[in-house]
Every structure is written in structure tokens, then in C-alpha cells.
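What follows is a report for a reader who is new to this structure. Please keep the sequence and the 3D view at hand while reading.

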Amino acid sequence: MAETLRSSAQTMMAAEQIIPPPPAFAAQALLGSHSAFVKRWQDSVENSEAFWAEEAAELLSWEKTWDQLFVDQGECRFHWFSGGMLNASYNCLDRHLTSRAHKTALLWEGEDGSERSFTFRELRDLVAQFAQGLAAKGVKQGDVVTLYMGMVPELTITMLACARLGAAHNVVFAGFSAESLGARIGDANSALLITADVCYRRGKEIPLLAISREALQQCPDVRELIILERAGSPPLPQSSSGEHLLFPPQGGASHFRESSWQETLELAKGQQHPAVAVPSEQPLFMLYTSGSTGKPKGILHSTAGYLLGATLSCRYVFDLNDRDIFWCTADQGWITGHTYGLYGPLSLGASVFMYEGALDFPDWERVWRMITRHRLTIFYTAPTALRAFIKQGPDRPRAHDLSSLRLLGSVGEMINPRVWHWFYHTVGGERCPLVDTWWQTETGAAMVSTIPGAVGSKPGSAGYPLFGIDLQVVDENGSEVARGSQGYLVITRPWPYMMRTIVGDHQRFIDTYWRQLPGCYFTGDFARRDADGYVWILGRCDDVINVSAHRISTMEVESLLVAHPLVAEAAAVGVRDALTGQQLQCFVSLQPRVSADSSTREALIAYIVRSIGSFARPREVVFVESLPKTRSGKIMRRILRDKAEGREASGDLSTLES
Ligand code: WT7
């Protein structure tokens, strides 16, 4: 790891030039100068309670304001805006109806080119009606509803309908397998799954319904499966109660009933469920992500604190205003899609653009055509996508009219200076500020970035801590390292939009994030701060790898592999990849008499894809006689990584088993 750190630091040293904010943008910016930013930031951390209170009062609509801004109940139970009551769907929809009823809230393009759009009023009406439909099925405040739907407007509608009732949504990315979906439903204690018959990706139908049914075989507590019909299903059969059933239970074989999404909506025709005011700390959603152990963790977010983070960062980092159409290319099944594909922009009353399919379908110019066609103003994407665009033809954006764009954003991994410049010059025409944003599923919203118009960018650096956020780069003992040195990135105090717990395992929350370096939130990332205070993220310091901005736990893959009957021992490592950032490579020693051939390899790859999802497909499975270990029996992953990246085994091998 030390070696990886040194080489990435060297690359960055060379690139520490500051790109000042584009003048035309700066002239109209919310904050006019770097010194205005520093002053406001200092004030926001020195008087942080006053800062959060002011922003929460200004940016959110409350049914009842809070009594206490922050309560530390001990054992890392942090409560923000205690005593306050509000509703997230009200904040994203109803409150905009006075001035924005006929403004577009959501604009959608399907992979086949079809378009749908919804005004704030239309979206509110659908959300309120669907919420009524869910309530009629017994969904109430505090319940957990799992969503496995793909990128369709009905996903947004369903998420907001859950929020309207005070039920927590648990969105599962449509690339996950039946096994992963089932595990997430079970762990979240969710009694209802909402899916679609299919979704479309690269022209192919993904059979969400079949996967959902398979998943539910491991979920005895799920009572109902609601299905959005997209593929032109045959007419619905009727049950004895008169309600339509998509697939009537056959001989009592399944423990859950099936009903249709459209019917759920239809049955509530003419009715609107009011937005239920919930306490600030009511869970808004959970989202499962990979950690450094085998089991994915359910990251739980609150209503008030999370919504404040989403709204605040949209305002300052994305400079969002009423005329913006925001496109966040992340799937809504990830946190980026939650915060910037839905809650943040809608809460501010901006329009969001949602695209169903793959960015490269039918070709790599789809993205530029969509920006031109819909006059999108903010384009937020991941470096892995940018690298693919460059590879497919670095000049292609120039062939399109991208003049509607006014701000660019990057997220998910470090943006290399070369890629930064390409994005800034070729896509943004040097007129759009480019904000890098460092954050995590756990942090809820952006934590480190540059305030566009006020703060210049250093390509490759994520920027400064945002308002109210204080961070440090520390050594193993928790002491701050000198400026310019590398260390662990920690956040030195709680903030309103941070996760509240890991579903069902509060102790793991404490141990993973708050006990590594007492008193601080441990991010799991290496970083360094330069002399100007800019933060440079240097990658993970745990067993999490980042493949095309998707988080994969190498421990999760290892524990799966060793559970396979053909496998004796296994190790999984992340190896550098020019396009995807990292790739997964597995080293496997097989059980006696199992042949190390391509059919065994294919079987193991298919097993990982089946268990996690296709995005976790290893680039390679290498068969080895035995794995390199220390005397105490720990697998030496560093050696495997060196081997995978084509280097001679490096470093101290003295503890290696001979
Ligand atoms: C990890 C979090 C919420 C963002 C999407 C991914 C890495 C994220 C950056 C960035 C360098 C970044 C970190 C972080 N990461 N953004 N701008 N520069 N690294 O969320 O799946 O929870 O992953 O992604 O390593 O810890 P996530």
C-alpha cells in the first residue's frame, strides 16, 4: 500500500495548479470569492449549531421546528433537530406548488428513446395517490419497503410515496442478483417488495420479476410483491375478492401475493394521502453497501438531517437554481442517485433528468445528444464514464451543442488531472466550473468539494471540507500529520446528514466508524492535505475496492469463494485498471482432485455473478497451489496485488511462509 500511495502522490504533486473559477460564472455566484468562502466556512465550524439551525430553517419546511439542535445520547446515538417534525415528500413536492406547480419536476428518457415528463403538480398527485394505494395495503410509518425496479419514473414516485407515509425505502440496484436482493430484504426486515416485470439495459430485457420471485424464496416474511408492468403483460386475472392479481397463487405454493403497481395506483383514484409529518430522526431510507467484512451493511439515514445535507449541497456545491435541469448519471439504486437524482434537486425545486439505460447505448454519443436535446444544465458523472468517453473519441463532444451546460461534477473516485482537463475543456468549454465531490454512502451528501465561482479547483484534488464539516488527516494514533503528508481521513465531529446506524447492528456502526480513532468518524480513505488546505483523496485503506465507481468488498467475494465446494482457499484483490479504476482479481486454490481448467473457472465466475451481481464479475480467476501467508496465517494480499499488476513481489517477505 505504501508504494501505491507514493506513486499517486507523485502524480498529484505535478498537477497542483489552481484553475480559477470561470469569470462569467463567478460574476453571478452565491459566494463571490475564496476569502468569502473561508470566512463562511470558519464561521460554520466555530458556531456550527447556529450554522445548521440557520440553514435548516431556511432550506427546509417544517411542520414543527426542533427543540434541540443536537443531542448526543451516548453510544454514538446522535440526534439532530430533536423534537422537529417534517415530511420529505412535502419538501420535495407540495411546498413547490405555490410557485412551481406547472414546472417540470422530472424528465425521463427511456433507453428506447421514449420520453415522459411530470410537473411538480403531476408528480405530487401521483405520489400522493400511490401513497394512498400503499396505505390501503397496510403500509404505515416505520415500515420498510424494498424497491427493485430499475430507472423508471415509477421508482421516484414509489420512493417519494414511501417518504410521504413515513415508511423507509430500501432501494436495491437492479444489477444485484436474487441472492443479494433476498439478503437485503431479510436484513432490512421488509415485508413488501416492489419490482417491475422487466427493465431495459443495452437493449436487453432484465427479468426483474423472475429475479424477485427467486429472491422471495429466501424471505418468508414478505407478504406481497407489487409489480410494475412494462412489457405489455396480458390482461390481469381477477381474484375472488374482485382485485386483480397478476399471477394468482398456485396451490398455495408461495407465501406472498402478487399485485400490480398500476392497480395499486388505480384503486386509490381520486384519493391523495397527505404528507405525514414525522420526527426529524424518522428513518427516510436504508441503502446497502459493501464494507470490509463479508456482510453488506444497511446504511440508515434520517429524514431531517439527510434532507438538509442533500438540499444544502445542491445549493452550494451545484449552485442549483430554478432554471436548472440536473442530470446525475448515477443509478438511483446508489446513494448518488438518491441524493442528487432525487432528494436534493427536488427539495430545491429544480428539475431532474433521469435516464433509464446504459450511457453507451446505442452508442457513445447518446449522452451528448441527450444534453443537447433536453438543454440539461448540470452534468454530474463519474471518472470511469469520462475515461470511457475519452477512449471512444475525445473530440466527439465538440460535435454537439453543449451550450446549455453551466456546471460539471465528478464523483465516485479520484479524477485524474488529465481526465479533469478533458472534462473541463472539451465538455465544459472552459465556461463551466468543474466540482469534484468526495463523499460516501455513509456521509449522505457531499463532504469535500469546491464552491463553484468562489473557490478555484486543483485538478485531482476534491477540494475543501464543506460548511459545517471539519476534517483531519491523521496517523495510526490519531495525531494530525504534517501538511503534505499522507494519513487516514477522519471527520472530527458529527454532522446532520451522516448515517445513523447500520441496520440491525449498532455495535458494528460504533466499531467501524467511531472507535478506530476515538471521537472521530473514520472514513476508510487515505488522504493528504496540501499547503493550501486542499484535500487529495488517495484511495481506500480497507478491503473495499472501487470498480467503475461501484463499491465491492473483497472480503465478501472471498467468503463466498471459500464457501464454494470446489474451493479450498481464496483471496480477492483490487488491481488497477485504466478504464474502471480497479478490477477484481481472485486467487483460488482448489480442493484436491478438482481440475484447474476453464470450466471450473467459468463456474466460479458465474457463482460470484449469481451471488452478488454482474458488476462484481472478476476480471480473472487465477488458480494457485497455495496462497502466500504470514507466519501467523494471514493471507498476504499485497503480494497477490503485485503479481496481478505485473510487478515483482515487493517489500518485506520475511514473514512469508516458506
Ligand atoms: C468511496 C465511497 C457517494 C459517492 C459515490 C460512491 C470513493 C467517492 C470520491 C472522490 C476520490 C472518491 C472513496 C469513498 N470516492 N468520491 N470525489 N474522489 N474518491 O459512494 O459507494 O459509498 O463509496 O468512494 O473511496 O470512500 P460509495
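R375 sits in the loop between α14 and β18 (378-381), where helices (H or I, at least four residues) and strands (E, at least two) are DSSP runs numbered from the N terminus. Although R375 is a residue other than glycine, its phi is positive, near 50 degrees. With a relative accessible area of 39%, R375 is partly exposed; buried means under 20% relative accessible area, exposed over 50%, and partly exposed in between, with a 1.4 Å probe and protein chains only.

This is a predicted model, in which local features need pLDDT of at least 70 and side-chain atom pairs count only at pLDDT 80 or more, while totals for chains, interfaces and linings use all residues. Residues are numbered from 1 along each chain as its sequence is written, and side-chain values use heavy atoms, with hydrogens and water left out.

A positive phi, of about 65 degrees, is also found at A549, which is not a glycine. A549 belongs to the loop between β28 (544-547) and β29 (550-553), and its relative accessible area of 31% makes it partly exposed. Another backbone feature is the cis peptide bond between F361 and P362, with omega at about -5 degrees; P362 is part of the loop between β17 (351-355) and α14 (366-374).

**The protein as a whole**

The protein contains 20 helices and 32 strands. Its C-alpha trace spans about 75 × 70 × 55 Å along the principal axes. For 658 residues, a compact globule would have a radius of gyration near 26 Å, and the 24 Å of this protein agrees with that; the radius is taken over C-alpha atoms, and the globule rule is 2.2 Å times the number of residues to the power 0.38. Of the 658 residues, 60% count as buried. Among contacts with a separation of 6 or more, 71% are made by residues 24 or more positions apart, contact meaning heavy atoms within 4.5 Å. The accessible surface comes to about 24,900 Å², and 50% of this belongs to carbon and sulfur atoms; such areas come from the Shrake-Rupley method with a 1.4 Å probe, and for residues only the protein chains shown count as cover.

**Around the ligand**

How many residues surround the ligand? There are 17, and the closest are T437, T441, D525, R540 and R551; a residue is near a molecule if one of its heavy atoms lies within 4 Å of it. At least two residues of this shell come from each of α13 (335-347), β20 (434-437) and β27 (535-540). By class, the shell has 6 nonpolar, 6 polar and 5 charged residues, where Ala, Val, Leu, Ile, Met, Phe, Trp, Tyr, Cys and Pro count as nonpolar, Asp, Glu, Lys and Arg as charged, and the others, Gly among them, as polar. The table lists three pairs of polar atoms between side chains and the ligand.

| Side chain | Ligand atom | Distance |
|---|---|---|
| D436 | nitrogen | 2.9 Å |
| Q440 | oxygen | 2.9 Å |
| R540 | oxygen | 2.8 Å |

The ligand has 560 Å² of accessible area on its own, and the protein covers 94% of it.

**Single residues in their surroundings**

Q332 lies in the loop between β16 and α13, yet it counts as buried at 2% relative accessibility. Its contacts, apart from neighbours within four places in sequence, include M151, L155, M159, V171 and M354. The side chain of Q332 also makes a polar contact of 3.0 Å with the side chain of T156; a polar contact is a pair of N or O atoms within 3.5 Å, and within protein one must be able to donate a hydrogen and the other to accept it, while residues adjacent in sequence count only if both atoms are side-chain atoms. Q332 and T156 are 176 residues apart along the chain, and their C-alpha atoms are separated by 8.4 Å.

Q585, in strand β31 (residues 581-590), is likewise buried, at 4% relative accessibility. Beyond four places in sequence, Q585 is in contact with residues including A571, V573, R619, E620 and A644.

Is R323 buried or exposed? At 67% relative accessibility, R323 counts as exposed, and its place is in the loop between α12 (304-316) and β16 (325-328).
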